[in-house]
Amino acid sequence: MKHNQYKSWILNDQPLTSKQKKELQGHLETCSQCKKFYLTWLSTRQLLSSSHLQAPSPGFSNRWKNYLPFQQERERARHIRTTLASLIMIGLLANLIYILRNNLLLNWIAAGLNTITKLFVILTKGLSNFSQLLNQTPTIPISVGIVFLGVLLAFLIVFIFTTWRWLSKEYHADEIIVED
Ligand SMILES: [Zn+2]
């Protein structure tokens, strides 16, 4: 019997007769091609039934036969995603160049430092007023405020460093795609 007959038996949703089962098992032991087909079908069936939807229903094998075009469709979708990602990265790179050219990054850092300083002043004043209410010397709250500023600055530096590294990574990723 031809391989295709056994393959259609493998895909068949209807149960086989015991004679057919024996014949199929005998063939699978000797034919690596059909054995491979059988194992692929088993794992695909398992994967599909465990990942989504439900247990295999009638017509399952027909859907499985359509699995290859579906895969090609997925491949196409992946390609579109890659293209879009490249375009977005090029856009980000253009933005980065624009930012660096116009020293916007420095302006942002300056503005950020300014805001933090203002916040620090407000916080210190608030703490100072609070301590005065408690008849305490303002030295302790101010030193606490200075520690706060130090922590805030450390966070800012880490943030800038992380952002910078992220932007550099984007740049390198873009470079690889261009080379590709
Ligand atoms: Zn075979």
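Because the model is predicted, local features require a pLDDT of at least 70 and side-chain atom pairs a pLDDT of 80 or more, whereas totals for chains, interfaces and linings use all residues. Residues are numbered from 1 along each chain as its sequence is written.

The protein chain contains 7 helices and 0 strands, where helices (H or I, at least four residues) and strands (E, at least two) are DSSP runs numbered from the N terminus. Of its 180 residues, 2% are buried, that is, have 20 or more other C-beta atoms, placed from the backbone, within 10 Å of their own. Among contacts (C-beta atoms, placed from the backbone, within 7 Å) between residues at least 6 apart in sequence, 52% join residues at least 24 apart.

The mean pLDDT, the predictor's confidence in each residue from 0 to 100, is 74 for the protein chain, and 67% of the residues score at least 70. Where pLDDT is low, the predicted coordinates should not be read in detail.

Helix H2 (residues 18-30) has 13 residues and should span 18 Å at 1.5 Å a residue, which agrees with the 19 Å between its end C-alpha atoms. The count of buried residues in H2 is 0.

Conventions. Expected span 1.5 Å × (residues − 1). Buried ≥ 20, exposed ≤ 12 C-beta atoms within 10 Å, placed from the backbone. Contact = placed C-beta atoms within 7 Å.
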